[in-house]
Structures are given as C-alpha cells and as structure tokens.
Amino acid sequence: MEKYILLKNKLPEWINMITPTYTIFAPVKEEDLVFFKPITKPSEMTLAYSNAIVPPKAQMFHQTETMFTFTQGKNIRVNPASLPDEKIVVFGIRPCDAKSLSIIDPVFTNDFEDPYYLTKRKNAILVGLSCNQPTVNCFCTSLNGSPASPEHLDILLTDIGDKYYVELNSEKGKQLVEKTKKLFTPATDADSKKKKDVEKKAVDAITRQMKINNVDAFVKKLDTIFDAPYWKTIAMKCLGCGACTYLCPTCHCFDIQDETTLDKGARIRVWDSCMRPEYTLHASGHNPRPERMNRVRNRVYHKYNYYPKNHQMIACVGCGRCIDNCPVNIDIIDVITKAGEVKP
Amino acid sequence: MVNEKQLRDEVKKLVSRDDVKYVIGYEQGTYGFQVTPSFAFTPEEAERFIFSPLCANNLSVYLMLEEKPPLRKGEKEDTRKVGLVVKGCDARAVVQILQEKGLKRESLVIIGVPCTGVIDPKKITVKFPHQIKPVDVREEGNHYVLTINGKNQKIPKDELLFEKCKQCEYPTPVIHDVLLGDEVKSTKKEEYKEIKTLEKKALKEKWEFWSKAFDRCIRCYACRNVCPLCYCKECIVDQLSPQWIYRSVNRSENTVWNLIRAYHLAGRCSGCGECERACPMNIPLTMLNKKIEKDIKELFQYVAGVNLEEKPLLAMFKPNDTEDTIL
C-alpha cells in the first residue's frame with residue numbers, strides 16, 4: 001500500500017483541485033447534527049465530528065429513488081430514470097461506514113444487478129478519515145473492525161497532528177492522488193509509527209464491547225435460542241419506530257410504490273423498515289411477524305445470523321447509531337451480550 | 001424527588017396483587033445517563049425500579065402498545081390491571097386517553113410521582129459526551145448533583161432541564177391511585193415565548209424555518225410511535241388505499257406528514273415532548289404542538305388532559321364557541 005503525507009494546510013487546496021471533476025460529499029454541520037452533503041468549497045465541511053447521523057449508505061442507496069416515470073391515459077409512455085454519471089467523492093467517511101458498503105454490496109449485486117445502487121457505488125471514491133475519538137457507543141472492534149482501518153476504503157486519511165497520513169488502498173485511490181501528486185510527499189517510518197500510535201489510542205478509547213467470546217460461535221448459538229423468552233423481554237419496550245433501521249449503515253430494505261397524479265406517475269423505491277408491522281403484512285391480512293417480539297428478534301437475527309449464513313459477514317459494523325438514537329435505550333451491545341448468556 | 005424505596009415497596013405490593021398483571025416503571029439504562037423502561041411482573045423485578053431526574057420517558061405509551069394476540073380456544077382474555085409510574089405530563093396523557101375512551105380507568109393502577117422537572121438527555125450528553133459508566137443524579141434545591149467517578153459535580157437545574165419543564169403548570173399527576181411524596185405546586189406559567197417570536201416573523205421566514213426542519217425528516221416515525229396519543233389502529237401515513245401521503249421522502253410529503261401529526265394531536269397533546277426527544281433529526285416538534293395548544297387555549301379556553309370529567313375538545317360544543325375557526 002502506498003503511503004503519503006498531506007499537510008493539513010494543503011487539504012483545502014486538494015479539495016479545490018478535485019472539485020471540478022467530482023461531486024464532493026463531506027460532513028456538514030446542521031442543527032448540531034452532521035450530514036454528508038455536497039459541498040462546493042472546503043470551508044463548508046467540518047472535520048471535527050464523530051459521525052454523520054445518517055450513514056453515507058444514503059449516498060448510494062437513496063432513501064427515495066425514482067426507478068422510472070410514466071404517463072397514463074391514451075398515450076402511455078414509460079421513461080426510464082436517467083442514471084447519474086457524475087463522479088463522486090465521499091470525503092471523511094469513517095472506516096465503519098465504508099465497511100458497511102462492502103457488506104451491503106452483495107444485496108445489490110448477487111442475484112440481480114441493481115443499476116441504481118451500483119452506478120453510484122462504482123462512480124464513488126471513498127476517502128476515509130480515521131476515527132481518532134470514538135464515541136461512547138462505538139464498538140467496531142467487537143466486530144473485527146478498527147477505527148483507523150483502510151480496508152474497504154480507496155484512501156484513508158489519519159490525522160497525526162499537523163498532517164494527514166494518507167494510505168492508498170485501491171487503484172481508484174491511487175488515480176485520485178496521482179492527478180494531484182504535487183501536494184503529497186512520501187510518508188516516513190516515523191509517520192507510519194505515528195499512525196499506529198494514533199490507531200492504538202483510538203482502539204483503546206473504545207471501551208464498550210460486546211462480551212461474546214467468539215463471533216462465529218455466537219452466530220451458531222442464535223440457532224438454538226430462537227424461541228427463548230428473552231426476545232420478548234427485549235421487545236416489550238420497543239416502540240416499533242424505524243429510527244434504528246433507517247440510521248443503520250447496513251440496513252438495506254426497500255419498498256416499491258407507484259406515485260401518481262391524474263395523468264402521470266413514477267415508480268419509486270423508498271427505504272423500508274422491518275420494525276413496522278406492515279413490512280410483513282400479507283394481502284390476506286395474515287402477518288407472519290405479528291408481534292414486536294418477532295420483529296425485534298428478526299432485526300437481531302438478520303444481522304447476526306441470517307446475513308452471516310447467506311453472505312459470510314455479520315451485518316453490523318459497530319457504529320453505534322442504533323444505540324445513540326433509540327428513544328427507549330434498546331442497546332445492541334447489551335442485547336447481544338445478554339443473548340450470549342441465554343441458555344439454549 | 002421520590003424515595004425509591006417507597007416506590008419499590010409500592011410496586012412490590014401492586015405486582016403481588018391478583019388483579020395486577022405488571023407495573024411499568026424505569027430502571028437504570030445501559031450507559032451514561034440512560035434510563036430505560038422496565039416491566040415488573042414479580043416483586044423481584046420491582047427491585048430494579050428507580051426514579052431520578054433522568055426519567056424522561058412518558059411510559060403511558062406502553063398502555064397503548066400492549067399487544068393482544070388472538071385468544072386460543074377456551075382461553076380467556078386477561079383483564080387484570082396494568083400499573084404505571086407517571087409524572088405530571090405523563091398523567092395528562094393518561095387522562096386524555098381515558099377521556100377518549102381509549103382505555104378504561106379500572107384497567108389501570110397509577111403511581112403518581114410529583115415531578116420537579118426532568119433532565120433533557122440531549123443537554124446532558126453535550127456536557128458529558130464521553131460518559132459511559134452510569135451516573136447517579138440527585139436533585140438538591142436549584143442544582144443537580146452528579147456523581148461521576150466518585151466526584152460530585154453541581155450543575156444549575158436550569159442548564160439541564162427540559163424546556164417543557166420550565167413552564168410546567170401541572171407537575172403533580174392530575175390522576176393517580178397512589179401519590180409518592182408531597183404534592184408539588186407550580187407557580188410557573190406557559191408563556192409561549194418561542195411561539196410568539198416565531199408568530200411575528202414573516203411568512204417567508206416561517207416557511208424557510210420549517211422547510212429546513214422538515215427537509216431533515218427521514219420519516220422513521222419515532223415521533224408517532226413514542227407518542228401515547230398516537231394510537232390509531234391504522235395511522236394515516238401507513239394507509240395505502242386511499243394513500244393520503246406518499247412514501248417519497250421530500251419536502252412536500254415530509255411537510256404533510258409533520259403537519260398532519262401535529263393536527264391530529266390538536267386539543268389532545270399533553271405537552272410531554274416525547275416526539276421531540278425521540279426525533280433523531282432534531283426537528284423542533286414541540287413548537288408545532290405548542291402553537292396549536294396556544295391557539296386552542298385562546299380560542300376555546302381549553303387545556304388537554306387535566307380533567308377526567310371533561311369531554312375531549314373535539315367532542316364537545318358550546319353555543320358561545322368562537323366561529324373564527326370556520327372558513
């Protein structure tokens with residue numbers, strides 16, 4: 001992996017140099033929250049942030065996506081939605097969120113290639129920023145992640161004082177730096193050591209951990225406790241809102257609907273949430289997941305049992321958003337730790 | 001504040017009764033300043049109950065969330081009572097539900113907590129963003145005393161209180177079977193300062209303010225689900241035929257959703273502020289509720305959820321009602 005140094009005061013220049021070619025999504029502060037938003041100049045972004053409230057999956061998998069539009073009446077016409085060919089840079093994405101995209105890729109690739117997601121995904125360069133100050137509910141290290149891991153990223157920047165340690169982890173990443181090479185200098189061994197120190201400090205700062213000895217064994221264990229009364233006790237306090245699923249970087253369920261006026265309409269795809277009763281409601285009126293217990297359990301199983309079985313990955317990156325934003329303190333670290341203690 | 005031993009003893013007594021199913025209260029949460037809803041079915045489980053200035057949740061929502069799966073052959077409906085710990089604003093929600101006949105009074109046992117205000121989790125998290133270990137928070141006069149790593153920290157109440165608590169006119173539950181401790185009398189008055197300021201602004205400014213807020217909405221419906229008074233069997237936003245609100249998340253549909261939510265609570269909202277607390281996108285939802293509350297107070301001299309004998313606002317008519325509202 002090629003490693004470089006970018007001085008902090010050169011960062012705005014770098015952003016300015018790539019702005020004409022790429023739409024840059026970067027963390028922007030609004031009402032005490034941080035969002036990934038397109039920026040036109042570097043001063044609009046904030047790099048002093050823990051993580052964006054809405055994960056950057058939303059840049060690839062839009063909450064609302066028009067699949068095609070149509071006209072009704074005598075002259076019916078179907079017009080496919082044009083797929084954007086803009087090249088994008090997601091700047092400042094955290095390693096956990098980058099991992100989440102690798103996790104959901106198979107959903108949009110395996111059986112059917114989803115042009116809406118894949119076009120944006122392929123056009124995107126992920127420029128990550130190491131998470132030097134993890135928040136209270138960060139637990140990426142419980143799931144083999146690291147707050148400063150370049151894996152799943154094209155480029156990773158790590159703040160090592162007055163400069164960024166830059167790791168190029170893909171061809172795309174190399175090309176982006178290649179065009180702006182004059183701003184970068186090769187990293188020295190001392191810089192590499194500094195990065196390691198920063199990473200270690202960040203890893204040590206993650207104190208909340210899932211207390212399960214072995215992740216793979218836990219995945220298997222879930223097979224044996226499906227009918228445990230435990231799930232009911234967790235679900236009793238669940239309100240059934242969709243905050244945890246919508247803000248989850250790996251949740252990827254959607255609904256497809258036609259939205260029409262008298263003479264025209266659009267087929268749209270919107271995020272859906274398995275926490276809602278309608279999610280599984282059949283046309284007959286039957287609901288295979290009739291109670292909150294079924295739905296809460298499904299959310300845990302989908303991430304920690306079904307997904308690993310289907311795609312050999314746990315569908316959770318440990319970003320902590322579902323914990324931060326649950327109005328009733330349903331805490332996945334706690335849920336998983338206690339599930340590990342449930343007797344089959 | 002409440003004597004926790006007295007609270008637990010009361011809950012133990014209740015759950016030991018044959019006619020009580022369980023009691024809903026609060027227990028210590030999993031990290032930092034979190035407190036979480038708790039359900040006690042047995043006296044042992046009642047041991048977990050706490051009450052502190054961190055107990056923000058309005059637990060009356062769980063009365064409406066209780067699931068009643070279809071009865072099996074020969075099975076009889078469980079008509080035992082549910083016990084509930086309420087603060088002043090929570091109690092008003094219960095009164096409102098009872099007025100609307102959403103629940104029967106005899107199905108509830110209400111443990112009232114005279115409330116001296118609760119802490120806004122967003123405010124305390126900003127002050128202590130890295131707090132992982134649970135913190136003991138006590139109230140002493142005009143201060144909160146936080147015990148963090150063995151050290152006491154004194155913070156003026158005003159810095160941490162929910163805005164709603166600063167104007168609370170009904171701190172003692174207006175309905176209860178048991179009241180823990182002495183009644184708290186309020187000398188505060190809701191003056192709607194923030195609302196009055198916004199009202200004075202030009203239409204364009206108001207539109208900018210709200211469209212910016214609604215643009216953030218992700219339609220997770222945490223505001224609806226956390227609300228004890230949003231208990232329609234099928235919410236208008238979920239209805240497909242006819243579909244009143246499209247699923248598309250954009251300014252138009254988000255505005256419709258947020259306004260409909262507020263309007264459906266007109267004359268019903270008890271001002272507990274749970275919608276705003278639950279909103280992950282920091283949309284100032286209580287401002288919408290308060291605006292409607294203020295208008296209703298001015299037009300009909302009506303306050304929701306304070307008198308069990310009264311009919312709900314929209315179910316009553318007085319010959320001298322103002323007609324200004326009819327277009």
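**Exercise 1. Sequence separation and overall form of chain B**

Task: Among contacts in chain B of this predicted model between residues at least 6 apart in sequence, determine what percentage join residues at least 24 apart. Then determine whether the radius of gyration of chain B agrees or disagrees with that of a compact globule.

Solution. 
1. Consider the contacts in chain B between residues at least 6 apart in sequence; 72% of these join residues at least 24 apart.
2. For 327 residues, a compact globule would have a radius of gyration near 20 Å. The value for chain B is 21 Å, which agrees.
3. The C-alpha trace of chain B spans about 60 × 55 × 40 Å along its principal axes.
4. Of the 327 residues in chain B, 38% are buried.
5. The secondary structure of chain B amounts to 13 helices and 9 strands.

**Exercise 2. The two domains of chain A**

Task: State how chain A is divided into domains, and describe the side of domain 1 of chain A that touches domain 2 of chain A.

Solution. 
1. Chain A consists of domain 1 (2-205) and domain 2 (215-341), according to the domain assignment.
2. The centres of these domains of chain A, taken over C-alpha atoms, are separated by 26 Å.
3. In the contact, 33 residues of domain 1 of chain A meet 28 residues of domain 2 of chain A.
4. On the domain 1 side, strand 4 (64-71) and helix 2 (95-109) of chain A each supply at least two residues.
5. The residues of that side of domain 1 of chain A divide into 16 nonpolar, 13 polar and 4 charged.

**Exercise 3. The contact of chain B with chain A**

Task: Find which element of chain B supplies the largest share of the side that touches chain A.

Solution. 
1. Across the contact between the chains, 33 residues of chain B meet 34 residues of chain A.
2. Strand 2 (35-40), helix 3, helix 10 and helix 12 (274-278) of chain B each supply at least two residues of the chain B side.
3. The largest share, 3 residues, comes from strand 2 of chain B.
4. The side of chain B that touches chain A comprises 17 nonpolar, 12 polar and 4 charged residues.

**Exercise 4. A pair of helices in chain B**

Task: Decide how helix 9 and helix 11 of chain B are oriented to each other, and name the residues that meet.

Solution. 
1. The axes of helix 9 (residues 203-216) and helix 11 of chain B come within 9 Å and cross at roughly 100°.
2. Angles of 65 to 115 degrees count as roughly perpendicular. Helix 9 and helix 11 of chain B are therefore roughly perpendicular to each other.
3. From helix 9 of chain B come Ser211(B), Phe214(B) and Asp215(B); they meet Arg251(B), Asn254(B), Thr255(B) and Asn258(B) in helix 11 of chain B.
4. The residues of this contact divide into 1 nonpolar, 4 polar and 2 charged.

**Exercise 5. Backbone details**

Solution. 
1. Most residues other than glycine have a negative phi, and most peptide bonds are trans.
2. His152(A) has a positive phi, near 75°. His152(A) is found in the loop between strand 7 (124-129) and strand 8 (155-159) of chain A.
3. A residue is buried if 20 or more other C-beta atoms lie within 10 Å of its own.
4. Pro242(B) is found in the loop between helix 10 (222-225) and helix 11 (251-263) of chain B.

Conventions
Residues are numbered from 1 along each chain as its sequence is written. Chains are lettered from A and ligands numbered from 1 in the order in which they are written. This is a predicted model: local features need pLDDT of at least 70, side-chain atom pairs count only at pLDDT 80 or more; totals for chains, interfaces and linings use all residues. Two residues are in contact if their C-beta atoms, placed from the backbone, lie within 7 Å. Helices (H or I, at least four residues) and strands (E, at least two) are DSSP runs, numbered from the N terminus. Ala, Val, Leu, Ile, Met, Phe, Trp, Tyr, Cys and Pro count as nonpolar, Asp, Glu, Lys and Arg as charged, and the others, Gly among them, as polar. The radius of gyration is taken over C-alpha atoms; the globule rule is 2.2 Å times the number of residues to the power 0.38. A residue is buried if 20 or more other C-beta atoms lie within 10 Å of its own, exposed if 12 or fewer, and partly exposed in between; C-beta atoms are placed from the backbone. Axes are lines fitted to C-alpha atoms, for helices over the stretch in contact, and angles run from 0 to 180 degrees between N-to-C directions. Angles under 35 degrees count as roughly parallel, over 145 as roughly antiparallel, 65 to 115 as roughly perpendicular and the rest as oblique.
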